[in-house]
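Please walk through the model below with the text at hand.

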Amino acid sequence: MTARILSGKQVAAIVRDEVAKRVAALAGGGKSVGLATVMAGEDPASQIYVRSKHRAAEKAGMLCFDHQLPADVGQGQIEGLVRTLNRDPQVDGIIVQLPLPPELDGNRAVASIDPAKDVDGLHPYNLGLLALERGRLHPATPSGIMRMLHHYEIETSGRLAVILGRSLLVGKPMALLLGAKGVDATVVQAHSRSRDLDDLIGKADILVAAIGKAQYVHGSQLKKGAVVIDVGINRTESGLVGDVDFDSAVEVAGAITPVPGGVGVMTVASLLANTVTAAELASVD
Ligand code: NAP
C-alpha cells in the first residue's frame, strides 16, 4: 500500500486565492487589509518566517508593516508598540513573532494584542473562545490542518485521533478542533510523559505528530491505513524532515502529509485567512 499524499501546496494555493478575492472585495468597498509583524532580535529562523509571511500577505494584496526591534528591547517597549498597532485602523492583524529573546515574556506580549487583531489566535481570549467552540481566529497551524482534512474529505467522526504534543501553538488547539462538535474525533493528547506511546500510535486512525523530533515515528508503528499529519519541521544534515519517517510511513499509512509541502505551507495560508477575517469583522463593526 502506498499512502495518498495530502499536498499542503495544493490546498494552500486554493486558500491564498480565496483570500486574495476577499481582500479585493474589501478594497472595492474602500477598506484595505493590513498585517503587522513585531519581531525582536535576529533569530535567523524567525527572520525567514516573518519574510515569508510578508511575501504571502503582499501577494494577496495586503499592506504589510514590519517592526524589527533590537534583542535588548524592553518588555514595556514591545507592549507599547503593540498597543499603538491595536489603535491603528490600517492594521487588521498583529503577529508577535515567537520566540522572543529569553529576557522577554512572549505570553505577556501576545496578551497585549487586541483579541480582534490576534491573527495567530494565541491570545487567551481567543484560546478561550476556541475551547467554547465559538472562536473565529484559530491558531494557524491546526486551522490549516483542519482545512486540509476537510479538503481531502478525511472522515474524523468517531475516529481515534492521537496527537503527539501539547504545545499552545499546535497540540492543544489541535485537540480542541478535532474533538469539537461536528468534527467528533475521539482525541488522545500525548506528551513527553505519556506511557505506552507505541501502543497509542498503533491504534491511531489519525495521527498528528507535533513534537519536534526528527523522524521519531516509524512506519512500523502505524496502524495500516492511518491518516498521518506531520507537523514537525526539523533541520538535519540531509535537509528538512518531519517528526515522521516519511519513507517507511508512506508504505503503511492511508494518507500522509509530506515535509516540506504539507502542513508548513498551510500555516502561512491560514494566517492570511485569519487576517482577512479580522478585517471583514472590523469592517462590519
Ligand atoms: P514544543 O512547544 O517544543 O512542544 C513539543 C511537544 O511535544 C510538547 O508538548 C512535548 O511534551 C511533546 N514531546 C516532546 N517529545 C515527545 C515525545 N518523545 N513523545 C511525546 N511527546 C513529546 O513544539 P511545537 O511548537 O508544538 O512544535 C512541534 C514541531 O512542529 C516542531 O518541529 C516545530 O518546528 C513544528 N512546527 C511546525 C509548524 C508548521 O507550520 N509546520 C508550526 C509550528 C510548529 P511536554 O509538554 O511534556 O514537554
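A residue is counted as near a molecule if one of its heavy atoms lies within 4 Å of it. The ligand is surrounded by 21 residues, and the closest are Arg166, Ser167, Ser192, Lys213 and Thr267. The model is predicted, so local features need pLDDT of at least 70 and side-chain atom pairs count only at pLDDT 80 or more, while totals for chains, interfaces and linings use all residues. Residues are numbered from 1 along each chain as its sequence is written, and side-chain values use heavy atoms, with hydrogens and water left out.

The shell around the ligand divides into nine nonpolar, ten polar and two charged residues. In this division Ala, Val, Leu, Ile, Met, Phe, Trp, Tyr, Cys and Pro count as nonpolar, Asp, Glu, Lys and Arg as charged, and the others, Gly among them, as polar. Helix H10, residues 263-284, gives the most to this shell, with three residues. Helices (H or I, at least four residues) and strands (E, at least two) are DSSP runs, numbered from the N terminus.

Polar contacts are pairs of N or O atoms within 3.5 Å; within protein, one atom must be able to donate a hydrogen and the other to accept it, and residues adjacent in sequence count only if both atoms are side-chain atoms. A polar side-chain atom of Ser167 lies 2.5 Å from an oxygen atom of the ligand. For Lys213, a polar side-chain atom lies 3.0 Å from a nitrogen atom of the ligand. Val231 takes part through its backbone: an N or O atom there lies 3.3 Å from a nitrogen atom of the ligand. On its own the ligand has 920 Å² of accessible area, of which the protein covers 73%. Accessible areas come from the Shrake-Rupley method with a 1.4 Å probe; for residues, only the protein chains shown count as cover.

How is the chain divided into domains? The assignment, which is automatic or taken from a database, gives domain 1 (30-116) and domain 2 (140-263). Their C-alpha centres lie 29 Å apart.

The largest nonpolar core has 49 residues, of which Val19, Leu178 and Ile229 touch the most other members. Such a core is a set of buried Ala, Val, Leu, Ile, Met, Phe, Trp, Tyr and Cys residues joined through side-chain atoms within 4.5 Å. Buried means under 20% relative accessible area, exposed over 50%, and partly exposed in between (1.4 Å probe, protein chains only). H10 gives the most to this core, with nine residues. Because domain 1 and domain 2 both give residues to the core, it lies between them.

H10 also holds Asn274, which is buried at a relative accessible area of 5%. The side chain of Asn274 reaches the backbone oxygen of His138 at 2.9 Å.

Some backbone details remain. Most residues other than glycine have a negative phi, and most peptide bonds are trans. A cis peptide bond, with omega about 0 degrees, joins Leu98 and Pro99; Pro99 is in the loop between strand S4 (93-96) and helix H4 (106-111). Val259 and Pro260 are also joined by a cis peptide bond, and Pro260 is in the loop between strand S11 (255-256) and H10.

Glu153, although not a glycine, has a positive phi of about 50 degrees. Glu153 lies in the loop between helix H6 (140-151) and strand S5 (160-164) and is exposed, with a relative accessible area of 71%. Gln215 has a positive phi of about 50 degrees, lies in the loop between strand S7 (206-209) and strand S8 (227-230), and is partly exposed at 39%.
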